[in-house]
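Here are my notes on the model, point by point. Please read them with the structure open.

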Amino acid sequence: MSEAPKKAAPAGRAGRNTELPEHLKAYKGVWVFIEHDRGVVHPVSWELIGEGRKLADKLGCTLSGVLMGGPDETLDAFADEAYTFGADKCYIIRDPILKGYRNEPFTKGLTKLVNEFQPEIMLLGASTMGRDLAGSVATTLQTGLTADCTELNIDGNRALAATRPTFGGSLLCTIVTLAYRPQMATIRPRVMQMPRAQTDREGKIEIIESTLGLIETDIVTKLLDFIPDAASNKPKLEYADVIISGGKGLKNADNFKLVFDLAKLLGGEVGCTRPIVQSGWLEAERQVGQTGKTVRPKLYIAAGISGAIQHRVGMEGADCIIAINTDPNAPIFDFAHYGIVGNAMQVLPALTEAFKTHIAQRARIAA
């Protein structure tokens, strides 16, 4: 009598390898990819150096920056700046093929460095460049990547605990890469605090002499020219010191004039929630939240915004949050520094007049 065929084991945690293989236990150190373009380092790189410093201190290991570029780019100067923000060391790889970002040569360069020097953690900014590069590097190295993180920590097993919003931003989940190295994560600009520069800090530079072995004709993407968008009038929320944001509590698009009036008076930017963009009231560049911009202004005024987690993750790092809402039980009052229970259409004009009076008084005193 023949035996019944064995059923396949169901997919799930029990069927996955959660133990780090012996050969990957040699991976040590925290790395930050330092993104630069046309002689300027993206600020998110310095924010990640500050966060990487905290992780490296917990692990008792070295924090290193990674710089790639052409022979004539000022990578050494970028390395010196990285030391002031907390890096101990910088790996520099130069190749004519790395002048100007393209995915294929940068992926080859970064994977070459990882395979040679074996870091346990690799952090990249969730910028246009960082998102493009992180995905291809993680795929090439066959390791895990947690995207758009809002918090990073180290668990008891030297594993990177990367927290990010999930299920449309309704929940926060923490993801751990247990059996692969390096552990990779991307973090959006302004999620982490900019570290204070310590001008007396110094570090070590590791120059990678060998070239990547690529020739221009083998690379599909060609960098023909750079045309700056000098005429662009898009809002720059990420680095604004003052942001006045509106939500559905403003009832209609016309009432956003109250938000723009206050923002103009304070020299700030105007932001909004996702439903405002979906309704066509404002452009997508003004959306603050999980699927929009992450901001860290000195002052954030939220008018008619309930404070759902999708919006909260994009603005809770503000130094001062003032919430205006008719509902005293709105979630935003749980984390706002100051709350005004009232109709935003009445409160905003009153705030604008109060600020006008205050500014006029200060001007007279200064005169």
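1. Strand 9 (residues 160–166) and strand 10 run antiparallel and are joined by six bridges. Within this pair, Arg164 has Cys173 of strand 10 as its bridge partner. Strands here are DSSP runs of E with at least two residues, helices are runs of H or I with at least four, and both are numbered from the N terminus. Two strands count as paired if DSSP finds at least two bridges between them.

2. Please keep the source in mind. This is a predicted model, in which local features need pLDDT of at least 70 and side-chain atom pairs count only at pLDDT 80 or more, while totals for chains, interfaces and linings use all residues. Residues are numbered from 1 along each chain as its sequence is written, and side-chain values use heavy atoms, with hydrogens and water left out.

3. Confidence comes next. The pLDDT, the predictor's confidence in each residue from 0 to 100, averages 89 over the protein, and 93% of the residues score at least 70. Residues 6–15 have a pLDDT below 50, and this stretch has one contact in the model beyond near neighbours in sequence. Where pLDDT is low, the predicted coordinates should not be read in detail. Contact means heavy atoms within 4.5 Å.

4. Axes are lines fitted to C-alpha atoms, for helices over the stretch in contact, and angles run from 0 to 180 degrees between N-to-C directions.

5. Helix 1 also packs on helix 2 (residues 75–85). Their axes come within 9 Å and cross at roughly 45°. That makes helix 1 oblique to helix 2. For these labels, angles under 35 degrees count as roughly parallel, over 145 as roughly antiparallel, 65 to 115 as roughly perpendicular, and the rest as oblique. The crossing of helix 1 with helix 2 is right-handed. A crossing is right-handed if the near helix is turned clockwise from the far one by less than a right angle, and left-handed if anticlockwise. Trp46, Ile49 and Gly50 in helix 1 meet Phe78, Glu81, Ala82 and Phe85 in helix 2. By class, this contact has five nonpolar, one polar and one charged residues. Ala, Val, Leu, Ile, Met, Phe, Trp, Tyr, Cys and Pro count as nonpolar, Asp, Glu, Lys and Arg as charged, and the others, Gly among them, as polar.

6. Which way does helix 3 cross helix 4? The crossing is right-handed. The axes of helix 3 (residues 103–117) and helix 4 (residues 128–141) come within 9 Å, at roughly 50°. The two helices are therefore oblique to each other. On the helix 3 side, the contact residues include Phe106, Leu110 and Val114; on the helix 4 side, they include Leu133, Val137 and Leu141. The contact divides into six nonpolar, six polar and one charged residues.

7. A second open sheet has five strands with parallel pairing, in the order 14-13-15-16-17. Its edges are strand 14 (269–272) and strand 17 (338–341), each pairing on one side only. The twist averages 20° from one strand to the next. Five bridges join strand 13 (residues 242–246) to strand 15 (residues 299–303). Ile243 stands opposite Tyr300 in strand 15.

8. Helix 8 (residues 344–366) lies across strand 15, strand 16 (320–325) and strand 17, at about 135° to strand 16. Helix 5 (residues 256–266) packs with helix 8 at about 20°, with axes 9 Å apart. Helix 5 and helix 8 are therefore roughly parallel to each other. Their crossing is left-handed. Among the residues that meet are Leu258, Leu262 and Leu266 in helix 5, and Leu348, Phe355 and Ile359 in helix 8. By class, the contact has eleven nonpolar, one polar and one charged residues.

9. Two backbone details deserve a check. The peptide bond from Arg181 to Pro182 is cis, with omega near 0°. Pro182 sits in the loop between strand 10 and strand 11 (183–187). Arg38, in the loop between strand 2 (36–37) and strand 3 (40–41), has a positive phi, near 50°. Most residues other than glycine have a negative phi, and most peptide bonds are trans.
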